[in-house]
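Please keep the sequence and the structure in view while reading.

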Amino acid sequence: MAWSASQYVKFEDERTRPARDLLAQVPLDSVRHAIDLGCGPGNSTELIVERFGAAGVSGLDSDMNMLEAARKRMPGTPFIEADLATWRPSQPADLLFANAVFQWLPNHLDIFDGLMDGLASGGVLAVQMPDNLGEPSHLMMEETAHDGPWREAFEKKSVRRNPLPASSVYYDRLIAKSARVDIWHTAYNHALENAAAIAEWVKGTGLRPYLDHAGEQHREAFTAAYLERLKKVYPEMSDGRVLLRFPRIFMVAVKR
């Protein structure tokens, strides 16, 4: 599945806010080696550099379109191509920062174990993931997938992400190697122009697997059918805008 940096940054301010909130809870005064995991177009990497300075900060992603955008945005920062399913730090890191990437990796609990091993003593693993599969924006993707000329493709193979484990599961896995683990949820309410703006938002992330699986011949019709469902479940506010409720889970683990 290919990603589009230009589509992603259409809502850059809203997408960057959780990264900013996560970074605010990282209990470090300085870093010698910090890596932005799944850096995307570099918006979250930029926050890390703003806080700690450019020395020792790098980013990685598996998508070349995202990496090209990140390198253009921050030409003085190293960005590498890597697969987080298998990648591990080559040297002990002070900060491993991951904004909205691990929800795509079903075995991320096991990956967290390996990443904790890659931290220096007192180092921090900071992770944020969307926890929104129960929201109308994502439930309507499933409804659309199973109601149209493309439904046979989805009956053969589901593209729905696995639900995230409970907070207690994350705590138990992380505390084994941590001096401290903080876990919390935040539900953002983004005021967007209309239901079409919600469709544009998710076309950069959650809707992409559905559009890819439906096939090029059904892309426009699938999007139109999805939008009609969104209009029914996201009513206009008094100013004509709609509220996109977006729950996210955050966790900060400090290595023992």
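## The α6 and α11 pair

Helices α6 and α11 cross in a right-handed manner (the near helix is turned clockwise from the far one by less than a right angle). The model is a predicted one, in which local features need pLDDT of at least 70 and side-chain atom pairs count only at pLDDT 80 or more, while totals for chains, interfaces and linings use all residues. Residues are numbered from 1 along each chain as its sequence is written, and side-chain values use heavy atoms, with hydrogens and water left out.

Helix α6 (residues 136-145) packs against helix α11 (residues 219-233) at an angle of about 135°, and their axes lie 9 Å apart (axes are lines fitted to C-alpha atoms over the stretch in contact, with angles running from 0 to 180 degrees between N-to-C directions). Helices here are DSSP runs of H or I with at least four residues, strands are runs of E with at least two, and both are numbered from the N terminus.

## The enclosed helix α5

Of the 10 residues of helix α5 (residues 108-117), 7 are buried, so this helix is largely enclosed by the rest of the structure (buried means under 20% relative accessible area, with a 1.4 Å probe and protein chains only). The buried residues are His108, Leu109, Ile111, Phe112, Gly114, Leu115 and Met116.

These buried residues pack against several elements, including β1 (34-37), β4 (93-99) and α8 (167-175), where contact means heavy atoms within 4.5 Å.

## Nonpolar cores

The largest nonpolar core has 51 residues, and Leu95 and Phe222 have the most contacts inside it (such a core is a set of buried Ala, Val, Leu, Ile, Met, Phe, Trp, Tyr and Cys residues joined through side-chain atoms within 4.5 Å). Apart from this core lies another, of 28 residues, among them Ile35, Leu109, Phe112 and Leu164.

Technical notes. Buried < 20%, exposed > 50% of the residue type's maximum accessible area, 1.4 Å probe, protein only.
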